[in-house]
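Dear colleague,

Please find below the structure that I would like to hand over to you. My notes on what was found in it follow.

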Amino acid sequence: MRSCVAVAAAVFVVYAAQGCATQARQPKLNNAMLAPETVYPGYEGALLTVELRDPDGIVDRIDWVVEGYEDQVFTLNDEGERGDAAAGDGVWSMRVDVPFNTPKGAYRVTLRAYDSEGRPIIVRGPDDGRVPLTTSLTAVVEYPPEQ
Ligand SMILES: [Ca+2]
């Protein structure tokens, strides 16, 4: 850890102060997906997953919300629970049941990472700006085919 900080301090002073999250080592969220991609109202057991790359172990929690329904916050886990296939493998997951009264349409789902003190993880974004670590996906709700 000491050599990491020293290198980071020499090259990226700002990032050294942020727990050694140089650009190469800063956490990333990859391949967020809902399986299946298209669900129907009342669908049970869709699986929301995202791959976390976090060499320095900064991320403590990954929450997700549906655009337009931000008052309902859900939390993924990497503990082998609630649909997560394997604990500690960096794939965070949650089994999702779609409410019966969900209108059909395309829903924007945003995932956001937090540290152990509940602060959003900040990473270097486009144009060297500093942005919260998020990713998103679109989930499609259709009505089931006629039987
Ligand atoms: Ca896992």
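**Strand pairing and overall make-up**

Strand 7 and strand 10 (residues 134-141) run antiparallel and are joined by eight bridges. Strands here are DSSP runs of E with at least two residues, helices are runs of H or I with at least four, and both are numbered from the N terminus. Two strands count as paired if DSSP finds at least two bridges between them. Within this pair, V109 lies opposite L137 of strand 10.

Strand 7 (residues 105-114) also pairs with strand 4 (residues 61-66), again antiparallel, through six bridges. Here V65 faces T110 of strand 7.

The model is predicted: local features require a pLDDT of at least 70, side-chain atom pairs count only at pLDDT 80 or more, and totals for chains, interfaces and linings use all residues. Residues are numbered from 1 along each chain as its sequence is written.

In total, the chain contains two helices and ten strands, in the order α-α-β-β-β-β-β-β-β-β-β-β from the N terminus. Of its 147 residues, 18% are buried, meaning that 20 or more other C-beta atoms, placed from the backbone, lie within 10 Å of the residue's own.

The average pLDDT (the predictor's confidence in each residue, from 0 to 100) is 88, and 84% of the residues score at least 70. Over residues 9-20, however, the pLDDT is below 50, and this stretch has 14 contacts in the model beyond near neighbours in sequence; a contact requires C-beta atoms, placed from the backbone, within 7 Å. Where pLDDT is low, the predicted coordinates should not be read in detail.

Yours sincerely

Methods: A residue is buried if 20 or more other C-beta atoms lie within 10 Å of its own, exposed if 12 or fewer, and partly exposed in between; C-beta atoms are placed from the backbone. Two residues are in contact if their C-beta atoms, placed from the backbone, lie within 7 Å.
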